[in-house]
Amino acid sequence: MAQETDVVVIGMGVGGEHVAERLAGERLGVVGIEAELVGGECPYWACIPSKMMIRGGNLLAEARRIPGMAGQAQVSPDFGPVAYRIRDEATDDWNDQVAVDRFTGKGGHFVRGRARLSGPGRVEVDGQTFSARRGVVLATGSRPQIPPVPGLDQVPYWTNRDAIAAKERPPSLIVLGGGAVGLELAQAFARFGTAVTVVEATDRLLPAEEPETGSLLTDVLGAEGITVRTGARATRVRHDGDTFTLSLDGGEELTAEHLLVATGRRANLAGLGLETVGLDPDARALQVDEQLRAALGLWGVGDVTGRGAFTHVAMYQAEIAVRAILGEMGPDADYSALPRVTFTDPEVGSVGLTEAQAREKGLRVRTGIAQVPSSARGWIHKAGNEGLIKLVEDADRGVLVGATSAGPMGGEVLYGLVVAVQAEVPVDRLRHMMYAYPTFHRAVEDALAALRRR
Ligand SMILES: Cc1cc2nc3c(=O)[nH]c(=O)nc-3n(C[C@H](O)[C@H](O)[C@H](O)COP(=O)(O)OP(=O)(O)OC[C@H]3O[C@@H](n4cnc5c(N)ncnc54)[C@H](O)[C@@H]3O)c2cc1C
Ligand SMILES: NC(=O)c1ccc[n+]([C@@H]2O[C@H](COP(=O)([O-])OP(=O)(O)OC[C@H]3O[C@@H](n4cnc5c(N)ncnc54)[C@H](O)[C@@H]3O)[C@@H](O)[C@H]2O)c1
């Protein structure tokens, strides 16, 4: 016998938890099903603990910048406080009781288990069947995508989960993948003393972002002692019980005590019973419309939708899905000003289209670049001032369609550019406004001037 309820949420990561809690708060009957921990990847193995590692690493880097600027400093890194904060403050030793109680405290019914669809509006989990009157929400997130490198499936490599749960910094580490996960963790560990090599298959770091940011990070990471290999194809991996050996196609062999695989993520759709509701079970992502509907009575939010694997995307989508399930009118999902920040030092923030993406769309593109060290604040800041602002203008409409802000607090500086892209503020208006002196964001004015000169 199926148990009736209003809504069933499968996967209680940031996206699913938000939907489930909001709808329970609206006094709907909500069943929330989670196979692992309520909260998902972000609080336990991703955003929050990784930023605690980064905060520790950045403090060490700032202390190392004291000579020549403010005296002397002796820096003795200790990963212990970081591991403690991750275990104690961030994850409660990977225990989600507080999150479960928050949901059930709002009237939600929680089930721990791995769920699957068994027809429209029907969900099965560990022998129980639920029937949803209003709908089902799929929020099953993503998992690491493991590349087909020969030997990789036979060695004890790390994913982000092992790296985050590490109690000590590894003595040496090869990072496969020079994207956000790889670079954030590579720099954080290196600042605690790990000998790090980053291996990236494409010809630059952060290949999804502007090429200027890839070169910037190659220079900065190299200056910090991290070895960077771009355009490098891993041809084999071995592990002799202590040491990993990664062979590259040019014949080079890299060795380290640990290997972190950070080569992208894949939506969790396998085994979900998508075929029982007429959807393709082999799809790479769940296709959803602008109100996050995947089928009649079925919604999808978060990484599973393939619209940007970010917590802010999951939460933005979750709120739209909540409105749609409640039958309220509201704006469609709009990804034209999707912000993203890679929390390396310098932080790399971007919004909207890169120059290459804008050109691919057939736009008449004008770009303007300003270097942060040449700005007043960058010059004052001196040690650790690397960065740039890049603007991408649709020259026919006179509005920005994309922007990059790399530098100290690059993610914070990004905010004004996100507003400009989202609200389509005319570039002429941006030129005729005041930028407080001497802020980092004042470099935007220099980039706007460069836009005019081209
Ligand atoms: C190292 C790292 C750092 C990151 N840092 C940031 C950052 O700084 N900022 C940012 O915006 N994003 C960051 N991200 C991305 C962010 O973590 C994800 O975008 C976010 O967690 C997605 O939320 P979600 O709810 O879609 O999925 P998830 O958080 O993956 O949650 C999905 C949940 O569904 C559960 N589940 C799956 N299948 C089933 C099933 N069949 N039945 C029941 N439960 C199921 C899973 O156990 C999981 O708990 C980072 C990612 C990584 C890996
Ligand atoms: N600060 C943040 O917001 C943040 C931080 C971490 C992760 N994330 C999210 O998680 C997603 C996944 O992160 P990620 O870094 O795993 O993926 P990614 O797609 O951002 O980067 C993966 C990198 O690995 C490279 N690669 C793929 N196969 C390879 C191989 N065989 N050998 C060498 N390199 C290879 C790719 O070219 C790419 O540069 C991100 O795209 C982002 O959406 C966000």
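## Secondary structure and basis

Helices (H or I, at least four residues) and strands (E, at least two) are DSSP runs, numbered from the N terminus. By that count the protein has 14 helices and 22 strands.

This is a predicted model, in which local features need pLDDT of at least 70, side-chain atom pairs count only at pLDDT 80 or more, and totals for chains, interfaces and linings use all residues. Residues are numbered from 1 along each chain as its sequence is written, while chains are lettered from A and ligands numbered from 1 in the order in which they are written.

## Overall fold

The C-alpha trace spans about 75 × 60 × 40 Å along its principal axes.

Of the 454 residues, 46% count as buried (20 or more other C-beta atoms within 10 Å of the residue's own, with C-beta atoms placed from the backbone). Contacts are pairs whose C-beta atoms, placed from the backbone, lie within 7 Å. Among contacts between residues at least 6 apart in sequence, 67% join residues at least 24 apart.

## The shell around ligand 2

The shell holds 26 residues, each with its C-beta atom, placed from the backbone, within 6 Å of the ligand. The closest are G177, G179, A180, V181 and A309. α7 (180-191) and β18 (339-342) each supply at least two residues. The largest share, four residues, comes from α7.

Domain 2 (152-264) and domain 3 (339-453) both give residues to this shell, so ligand 2 lies between them. The domain bounds come from an automatic or database domain assignment.

By class, the shell has 14 nonpolar, eight polar and four charged residues. Nonpolar means Ala, Val, Leu, Ile, Met, Phe, Trp, Tyr, Cys and Pro; charged means Asp, Glu, Lys and Arg; the others, Gly among them, are polar.

Technical notes: A residue is buried if 20 or more other C-beta atoms lie within 10 Å of its own, exposed if 12 or fewer, and partly exposed in between; C-beta atoms are placed from the backbone. Two residues are in contact if their C-beta atoms, placed from the backbone, lie within 7 Å.
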